[in-house]
Amino acid sequence: MSLLLSNLDLIRRVPLFSLLTTEQAQTIADSVVKRRFRRGELVVEQGRKSNALFILLNGRARVLTADARGREVILAVLQAGDYVGEMSLIDNEPHSATVRAEVQTDMLILGRQEFARCLPEGSSLAYAILRGLVARLRNADRQIESLALLDVYGRVARTLLDMAEDDNGVKIIRGKVSRQDMAKVVGASREMVSRVMKDLEERGMIETQESGAVVLKDRLLSD
């Protein structure tokens, strides 16, 4: 990264900001700070908030998620011009994945308030669409993590938990759970899903009611 380049020059080189007017780009340039991340250093951490947008100027970073045992799945590799942190800034939720610098990497950092000025109004349709897209991306991250790190039992259990709603402290899926649809979600055969569901029921972890609704028991919720 050349010291002769101004923040405005750097902003103009980032595809994310390519359509900004000169005035808008200068506003962003006045707000960003530059930071160098060492190889192996965390940029953002899964489950936490950083309240900033991180834009790679050079170098390389990995987006990854991990389970409780520390097993990791790489979701993406970021290069110059890529950015991270926008999902958390849009929906104000913790990061869905960890980002780690793979080599020495220089970044521009834009704070929450400055980023918010670039967004449409919170009551607008555009902002509602943004939040909807972020929700889909978070679900996709969870699905990738499940497919990579969980066995079929774990994937079925997680899907049941995602489908359930709370009814006075009871987790219940009111509609009939289609084994075929479940199989497509968890990436397994219908027969395998049926065996898993039967086993969960025999072990007292779920209960299928006459209406077809499924009640999730405490044992499933705590495992």
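Mentor: The chain is divided into domain 1 (7–148) and domain 2 (150–220), with bounds that come from an automatic or database domain assignment. This is a predicted model, in which local features need pLDDT of at least 70 and side-chain atom pairs count only at pLDDT 80 or more, while totals for chains, interfaces and linings use all residues. Residues are numbered from 1 along each chain as its sequence is written, and side-chain values use heavy atoms, with hydrogens and water left out.

Taken over C-alpha atoms, the centres of domain 1 and domain 2 are separated by 34 Å. Their contact (heavy atoms within 4.5 Å) takes six residues from domain 1 and seven residues from domain 2. About 600 Å² is buried between domain 1 and domain 2, with carbon and sulfur atoms giving 33% of that area; buried area is the accessible area (1.4 Å probe) that two parts lose on being put together, summed over both. Of the area that domain 1 buries against domain 2, Arg142, Ser146 and Leu147 supply 67%, more than any other three residues.

As for the helix packing, helix H6 (residues 152–163) and helix H8 (residues 190–202) meet at an angle of about 75 degrees, their axes 10 Å apart. Helices are DSSP runs (H or I, at least four residues), numbered from the N terminus, and axes are lines fitted to C-alpha atoms over the stretch in contact, with angles running from 0 to 180 degrees between N-to-C directions. H6 and H8 are therefore roughly perpendicular to each other, a term for angles of 65 to 115 degrees. H6 contributes Val152, Tyr153, Val156 and Leu160 to the contact, and H8 contributes residues including Met192, Val196 and Asp199.

Definitions and conventions
Helices (H or I, at least four residues) and strands (E, at least two) are DSSP runs, numbered from the N terminus. Angles under 35 degrees count as roughly parallel, over 145 as roughly antiparallel, 65 to 115 as roughly perpendicular and the rest as oblique.
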